[in-house]
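Load the model in the viewer and colour it by chain. The tour below goes from one selection to the next.

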Amino acid sequence: MEVEAVKLLAAGLAAGLGAIGPGIGEGLVAGHALAAIGRNPEASGKIMPFMFATMAVAESTAIYALVVALLILFAF
Amino acid sequence: MLDISLAPRALFYLAGFPVTNTFLWTVVISVIIMVLFVGVARRMRNVPGTTQNIIEVLVEGSYDFVNSVTGSEKKTRRIFPFVFTLFVFILACNLVMFFPGQSALTVERAGGVIPLFRAVMSDYGLIFVMTILGILTVQIVAIAVHGPFGYLGKFINLKGFKDFFKNIFQGKFKPNLIGQGFLDLFLGVMGFVGEFAKIISLSFRLFGNIFASEVITAVMLFLAPFIVPLPFKFLGLLTAIVQAFVFAVLTLIYITMASEIEEDELAEEATM
């Protein structure tokens, strides 16, 4: 294969595989947060900000994968 | 083909200093925010107008939220200005992206046609500086709270070894303490690495999200110009607001964590 083709493949694989884990993780975070709000609807104001903060933390591996994909595409 | 570039482009040079499209907008947005907030603060009225009302709700709500995270009024008063400024600036920069028609404004330069506008938060240099400011604050707060030796002791943790040798001097041999010592040392080194990981994850989270939402809208516009890019634009709007919040809250949480004295430290101080 040519270098250019391998680059494109590698970038797609990096971003796609890196998105699996965070997808599962964010789903778990949101699911548990919604369950908590269902049990105690008055606490939703307290739960929501922390839900977004923890989702952002779970997202960071996807962002690393995205950065790697961008580096493959643009920097090399 | 699509025109996607990681780095912002230079619009013109000011005494050898390249003025990029993101830098121009950073200055413009900062000036607008400052004029708005200072103007409202100068002319506070008992019966607030619309602008004053919106800003009051924003400031009060954020203050209460920061207070609920730090848990003490004294800390909130010190942290709030920094965190809130970060939040308002990032939010304003992200929302300005959604004014329609701005991608049509271009400037012709030697390197080709350069868009006059670019999402400010897709300039990694700016985000890196904001992150460094936040992480430096975290280190300074940690040094101020734990003292310079307590701060270094978090990274070079020799407590397990100390206990081991103390027990040997007292004639007791406890081999499990040396394992504890190695574990403490390892965790200390991990904490050191973690400080750098914070910089990378915090800065790339904001950059990656904003840049990705820009790129995905561009790609969708390229593939299908009508209707189809709309849902992606809405998703971009959501990330623009959430990421501004997340960046500020994570900085706040890091600073709060650094300013908290751990329980075993308190116990140590009590016995000393």
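Over all chains, the structure holds one salt bridge (a side-chain nitrogen of Lys or Arg within 4 Å of a carboxyl oxygen of Asp or Glu). This is a predicted model, in which local features need pLDDT of at least 70 and side-chain atom pairs pLDDT 80 or more, while totals for chains, interfaces and linings use all residues. Residues are numbered from 1 along each chain as its sequence is written, chains are lettered from A and ligands numbered from 1 in the order in which they are written, and side-chain values use heavy atoms, without hydrogens and water.

**Helix H6 of chain B.** Select B:Glu195 and B:Lys198, whose closest N and O atoms are 3.3 Å apart in a salt bridge. Both lie in H6 (residues 175–223), three residues apart, about one turn of the helix. Helices are DSSP runs of H or I with at least four residues, strands runs of E with at least two, numbered from the N terminus. B:Glu195 counts as buried because its relative accessibility is 15%; B:Lys198 is buried, also at 15% (buried is under 20% relative accessible area, with a 1.4 Å probe and protein chains only).

**Helix H4 of chain B.** Next, select residues 124–155. Where is the kink in H4(B)? Centre on B:Gly147, shortly before B:Pro148: the kink there is about 110° (the angle between axes fitted to the seven residues ending there and the seven starting there).

Conventions
Expected span 1.5 Å × (residues − 1). Buried < 20%, exposed > 50% of the residue type's maximum accessible area, 1.4 Å probe, protein only.
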